[in-house]
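Hi everyone, thanks for coming. Please have a look at the sequence and the structure on the screen, and then I'll walk you through some of the details.

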Amino acid sequence: MEFVPAKTIITKTKSSDWFGMDYNMNIYRGCCHGCIYCDSRSNCYGINDFDTVRAKENALVIIRDELRRKVKKGVIGTGSMNDPYNPFEKETELTRHALELVDAFEFGIGIATKSDLILRDIDILSQIKEHSPVLCKITVTTVDDKLASEIEPYSPSPKRRMEAIAQLRKEGMFAGILLMPVLPFLEDTEENVLSVVNAAHEAGANFIYPAFGMTLRENQRIWYYEKLKKLFPETDYVKKYKKTYGSNYWCTSKNARRLWGVFAKKCEEYHILYQMKDIVHAYKGKYGDGQMNLFDYL
């Protein structure tokens, strides 16, 4: 494990619109899940050798000191840039110890991950939930294990991720799915989207938040196109992307309107939340004004 210097780790968000997060916390830089579409490969983030995972030096000391100085409590989001449950976390336990600090200083936590290693820390998440909101977001873009093994080669399988959601729910966690990105031409079909919703229902997920499309910019686009050529040589996906989206940053699926309709209908049928304001209200609601302002989401 390599280490990189860091002056700060917990930063204030510009807005709490994204799942009601008040702060961001990234302990690691880089990720080894190998997802071909990852936006964090973009040049603007300045992460060289993105597939090499590095931890921030003195991370736990920095986190402790920053939490101690925070005047306002809130929910800390982790996993927006780099997965907090990369394989190295099994040994370093930096995320686990950071959660212990989050608990000790009585902050809430919102975790985004593709790993079922999150189950290891249910004990601490349960302790945090006693005083502050806990939100568990697991990314699932398809339940097709074969397709997932190609586009997310070193991530736990969708089956394992769904099992993790089921276990989190069994333990009383507020947990659900980030259905994003839904890759144009590869995943933006009714069959794929509804199969994820059906699996989420079986797992007891509280919510699914979708994005029917993806981002493409700078180095991310180059990497993605190269992977498409190698993985799917029989289909000229790159030509389709260039023809459809050119150099656009946000590439919305041409099927987005239709997909949203069938997705929303099925979620309503299963009583699965899918609107941001409803998700935030549901997981923060019982903690009162100290953790949220309902008018921000109504």
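Let me begin with a term: a salt bridge here is a side-chain nitrogen of Lys or Arg within 4 Å of a carboxyl oxygen of Asp or Glu. Before I use it, a word on what you are looking at. This is a predicted model, where local features need pLDDT of at least 70 and side-chain atom pairs count only at pLDDT 80 or more, while totals for chains, interfaces and linings use all residues. Residues are numbered from 1 along each chain as its sequence is written, and side-chain values use heavy atoms, with hydrogens and water left out.

So, how many salt bridges turn up in a search of the whole structure? There are 16. Let's visit a few. Lys146 pairs with Glu150, with 3.2 Å between the closest N and O atoms. The two are four residues apart in helix H5 (residues 145–151), so about one helical turn separates them. Helices, by the way, are DSSP runs of H or I with at least four residues, strands are runs of E with at least two, and both are numbered from the N terminus. As a general point, an α-helix has 3.6 residues a turn, so residues three or four places apart point the same way.

Is Lys146 buried or exposed? With a relative accessible area of 56%, Lys146 is exposed. The cut-offs are these: buried means under 20% relative accessible area, exposed means over 50%, and partly exposed is in between, using a 1.4 Å probe and protein chains only.

Now compare that with another pair. Arg161 and Glu152 meet in a salt bridge at 2.7 Å, N to O. Arg161 is buried at 1% relative accessibility, and Glu152 is buried at 2%.

Next, please find Arg96. Its salt-bridge partner is Asp123, and their closest N and O atoms are 2.7 Å apart. Arg96 sits in helix H3 (residues 94–104) and Asp123 in helix H4 (residues 122–129), so this pair ties together parts that are 27 residues apart in sequence. Arg96 is buried, at 15%, whereas Asp123 is partly exposed, at 36%. Both belong to a network of salt bridges that also links Glu89, Arg120 and Asp121.

While we are at H3, notice how covered it is: eight of its eleven residues are buried. Among them are Leu94, Ala98, Leu101 and Val102. Just after H3 comes Glu106, with a positive phi of about 60 degrees.

On to the loop between H4 and strand E8 (134–139), where you will find Glu130. Glu130 is exposed, at 67% relative accessibility. Its C-alpha atom is separated by 50 Å from that of Lys242, which is 112 residues away along the chain.

Let's turn to a pair of helices. The axes of H7 (residues 190–203) and H10 (residues 256–270) come within 10 Å and cross at roughly 20 degrees. Axes here are lines fitted to C-alpha atoms, for helices over the stretch in contact, and angles run from 0 to 180 degrees between N-to-C directions. H7 and H10 are therefore roughly parallel to each other; that label covers angles under 35 degrees, with over 145 counted as roughly antiparallel, 65 to 115 as roughly perpendicular and the rest as oblique.

One last stop: Phe88, in the loop between strand E6 (75–78) and helix H2 (89–92). Phe88 is partly exposed, at 36% relative accessibility.
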